[in-house]
Amino acid sequence: MGLISSLDIGTYRLVMALADKEEGRRFHLRELCSAVSSGVVGGRIVDEKEFAQAFGKLVQKITDSRPIDEIHIGLSEASLRVKRVNSVVSIKKKVTDRDIKAVKSKAWETGYAEDDVIIDVCPDYYSVDGGCEVADPLGMDGRTLEMTARVYYAGRDYLDRIRNVLSEYMGGELYFYPLSRACIEVADSDKEEGFAWVDLGAYSLRAWMFERGLLRGEAEFPIGMDSLAFDIMSAFGLTKEQALKIQESDAEALKSDYKNKKVIIPDMKVSVEGSDLALVTQCRMEELLEGVLLYLRKSGLDNNPDYPVVISGGGACLKGVDGLLERMSGHLVTYPDMKKFKSFDEDLLNSPADVSALGLLLCTYDRPEKEETDFWMRIKKWFN
């Protein structure tokens, strides 16, 4: 049996995870490779030639020689269009698995668009006979089943261009998913308690609010960790490459935690005061996080003091960002629990920057196939 792989197309990094699928929805991670990204802006490919060269370098790092059966590719919000749809089907007494498949199938059909391709339908909640919103309606009594869902579209031409690039380097069936789906799969949102999830990306921040297994709120903020790099550039007269290196290795989100030391500028024989760098970093991070927290408070976070905040993305690797967010929110801040994975090297599972690549492995292409009607099934049985 071949491998399942995933590809997270970032502005600065391309990340590919390769794993064996085990029983249930558990995966044994075999490799996690990354390479410098090129030809990508805001998660969207803008230069196919540069992207192809970067992807070729990533593929060269793969050591497992087994064939790849599936490649799960994450698409950023910049590449997608999202529409909310409601679909309703009639049921007989109790909700069955077939009813749930039918209402999902109707959502796929409702969201049809000629020039775009539906890549995913993510249910927000179900209701039976217009009653309470539930995450799982199986077995409930009623006559109608309704589902509210988000339908994600991608341009047909854009997907074809990605297929053409990847087909030059590897085989395997390609499946596309929104990056938000990857985080939601890792989040284990079916647990009873609620929580918030914040993804600190380079070009944008994203936030989700979960409660009783339901997605209660979702928002994207069009400014990300890239703004911190620009602040460091402006404050110390550096190039963007130098600023990114300092942001990754020396920046800290809490000035009070910073030890007095000099920070050496990469490729230069000069240094800056570490306390000055910490001040620049904390000011920018407070501004970024305040907007996210304002949204989460409106979504009910402050009404539930026991709800934790989970953080992921490259910005979650910034030293002290968890402590700063705890101070600002008053909530426990944690990192994603990768319990659905195991690996011979546990360090591969510990970086919040790689959560999207790992979460994409968990995604399943669940577009329901059209079922045959009872009439045609009876005809087939009669001839057999």
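1. D226 is buried, at a relative accessible area of 8%; buried stands for under 20% relative accessible area, exposed for over 50%, and partly exposed for what falls in between (1.4 Å probe, protein chains only). The side chain of D226 meets that of K240 in a salt bridge, with 3.2 Å from N to O. K240 belongs to helix 6 (residues 240–249) and D226 to helix 5 (residues 226–236), so this pair ties together parts 14 residues apart in sequence. A salt bridge here is a side-chain nitrogen of Lys or Arg within 4 Å of a carboxyl oxygen of Asp or Glu. Helices (H or I, at least four residues) and strands (E, at least two) are DSSP runs, numbered from the N terminus.

2. On the basis of these values: the model is predicted, and local features need pLDDT of at least 70, side-chain atom pairs count only at pLDDT 80 or more, while totals for chains, interfaces and linings use all residues. Residues are numbered from 1 along each chain as its sequence is written, and side-chain values use heavy atoms, with hydrogens and water left out.

3. The structure holds 23 salt bridges. One of them joins D20 and R66, whose closest N and O atoms are 3.0 Å apart. D20 sits in strand 2 (residues 13–21) and R66 in the loop between helix 1 and strand 6 (68–75), so the pair ties together parts that are 46 residues apart in sequence. D20 counts as buried because its relative accessibility is 13%, whereas R66, at 31%, counts as partly exposed.

4. R66 also pairs with D64, again through a salt bridge (3.0 Å, N to O). D64 is partly exposed, with a relative accessible area of 22%. D20, R30, D64 and R66 are linked in a network of salt bridges.

5. L145 is placed in strand 9 (residues 144–155). L145 is buried, its relative accessible area being 0%. Apart from neighbours within four places in sequence, its contacts (heavy atoms within 4.5 Å) include V88, V89, I91, V103, Y126 and P137. The C-alpha atoms of L145 and K240 are separated by 53 Å, and the two residues are 95 apart along the chain.

6. How many cavities of 30 Å³ or more are there? The count comes to one. A cavity is a set of points, on a 1 Å grid over the protein atoms alone, where a 1.4 Å probe fits but cannot get out, and lining residues have an atom within 4 Å of a point. Grid points are joined across faces, edges and corners, and the volume is the space filled by probe spheres set on the points. The largest cavity holds about 30 Å³ of space. I45, E48, F51, Y158, R161, I162 and V165 form its lining. Helix 1 and helix 3 (156–167) each supply at least two lining residues, and helix 3 gives the most, with four.

7. V41, V46 and Y203 make a nonpolar surface patch of about 270 Å². Patches are made of residues with over 30% relative accessible area and no salt bridge: like charges are joined within 9 Å, nonpolar side chains (Val, Leu, Ile, Met, Phe, Trp, Tyr) within 5 Å. Accessible areas come from the Shrake-Rupley method with a 1.4 Å probe; for residues, only the protein chains shown count as cover. V46 is found in the loop between strand 5 (44–45) and helix 1 (48–60). V46 counts as exposed, at 56% relative accessibility.

Definitions and conventions:
On a 1 Å grid over the protein atoms alone, a cavity is a set of points where a 1.4 Å probe fits but cannot get out, and a pocket is an open set with protein on both sides within 12 Å along at least five of seven lines; lining residues have an atom within 4 Å of a point.
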